[in-house]
Amino acid sequence: MVLLRRVIGDALRARRQGQHRTLREVSTAANVSLGYLSEIERGQKEASSELLAAICDALGARLSELLSEVSSTLSLAENMEGVLVPVEGQTTDGDVSVSVRKDSPLKTTLHATRKPKRDIVYAA
């Protein structure tokens, strides 16, 4: 089973790491303890909507963008064979790639990545 808190945590961590920022930097900007932010990113704690909004703000992202990314990941995961009975695999849908890895009988890792949007540059 895919846990919403883990998908949200993965999306937050990916955004933070994509900006080459530390947990400390983001936790300070979001006014949340470093340990609690770490637990959210690892999917061990569920953040309130207010806290998610503060973390997104600290990351320079809109909450709607994060939730849209999470929704896309969950949609793909629901259609992937083996999500409820984990198996290793990967699927891609447009610009989102999702992989599932069975770490142990009780732990499954869902990893989603989104291809960066490319700016179109026109030559004069």
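Five salt bridges are present in the structure, a salt bridge being a side-chain nitrogen of Lys or Arg within 4 Å of a carboxyl oxygen of Asp or Glu. The model is a predicted one, in which local features need pLDDT of at least 70 and side-chain atom pairs count only at pLDDT 80 or more, while totals for chains, interfaces and linings use all residues. Residues are numbered from 1 along each chain as its sequence is written, and side-chain values use heavy atoms, with hydrogens and water left out. Side chains of opposite charge can pair when their charged atoms come close.

A network of salt bridges links D10, R13, R16 and E41. Helices (H or I, at least four residues) and strands (E, at least two) are DSSP runs, numbered from the N terminus. E41 also forms a salt bridge with R13, for which the closest N and O atoms are 3.8 Å apart. This second pair likewise links distant parts of the chain, with E41 in helix 3 and R13 in helix 1, 28 residues apart. E41 is buried, with a relative accessible area of 4%, and R16 is buried at 8%. R13, at 22% relative accessibility, counts as partly exposed.

A further salt bridge joins the side chains of E69 and R15 (3.4 Å, N to O). E69 lies in helix 5 and R15 in helix 1, and the pair links parts of the chain 54 residues apart. E69 is buried, its relative accessible area being 12%, whereas R15 is partly exposed at 24%.

The secondary structure of the chain consists of five helices and three strands, arranged along the sequence in the pattern α-α-α-α-α-β-β-β. For helix 1, the end C-alpha atoms are 21 Å apart, which agrees with the 21 Å that its 15 residues should span at 1.5 Å a residue; the expected span is 1.5 Å times one less than the number of residues. The buried residues of helix 1 are V7, I8, G9, D10, A11, L12 and R16.

In soluble globular proteins, nonpolar side chains tend to be buried together. A nonpolar core is defined as a set of buried Ala, Val, Leu, Ile, Met, Phe, Trp, Tyr and Cys residues joined through side-chain atoms within 4.5 Å. The largest such core has 17 residues, of which I8, L12, V26, I55, L66 and V70 touch the most other members. At least two residues of this core come from each of helix 1 (4–18), helix 2, helix 3 (34–41), helix 4 (49–58) and helix 5 (63–79). Helix 4 gives the most, with five residues.

V26 is located in helix 2 (residues 23–30) and is buried, with a relative accessible area of 1%. Leaving aside its neighbours within four places in sequence, V26 is in contact (heavy atoms within 4.5 Å) with R16, R21, L37, I55, A58 and L59. V26 and I55 are separated by 29 residues in sequence, yet their C-alpha atoms are 7.2 Å apart in space. V70 touches L4, V7, I8 and A11, not counting residues up to four places away in sequence.

Most residues other than glycine have a negative phi, and most peptide bonds are trans. H20, in the loop between helix 1 and helix 2, has a positive phi of about 55 degrees although it is not a glycine. N31, in the loop between helix 2 and helix 3, has a positive phi of about 60 degrees and is likewise not a glycine. H20 is exposed at 73% relative accessibility, and N31 is exposed at 73%.

Of the 124 residues of the chain, 32% count as buried. The average pLDDT (the predictor's confidence in each residue, from 0 to 100) is 80 for the chain, and 64% of the residues score at least 70. Over residues 84–89 the pLDDT is below 50, and this stretch has 13 contacts in the model beyond near neighbours in sequence. Where pLDDT is low, the predicted coordinates should not be read in detail.

Definitions and conventions:
Buried means under 20% relative accessible area, exposed over 50%, partly exposed in between (1.4 Å probe, protein chains only).
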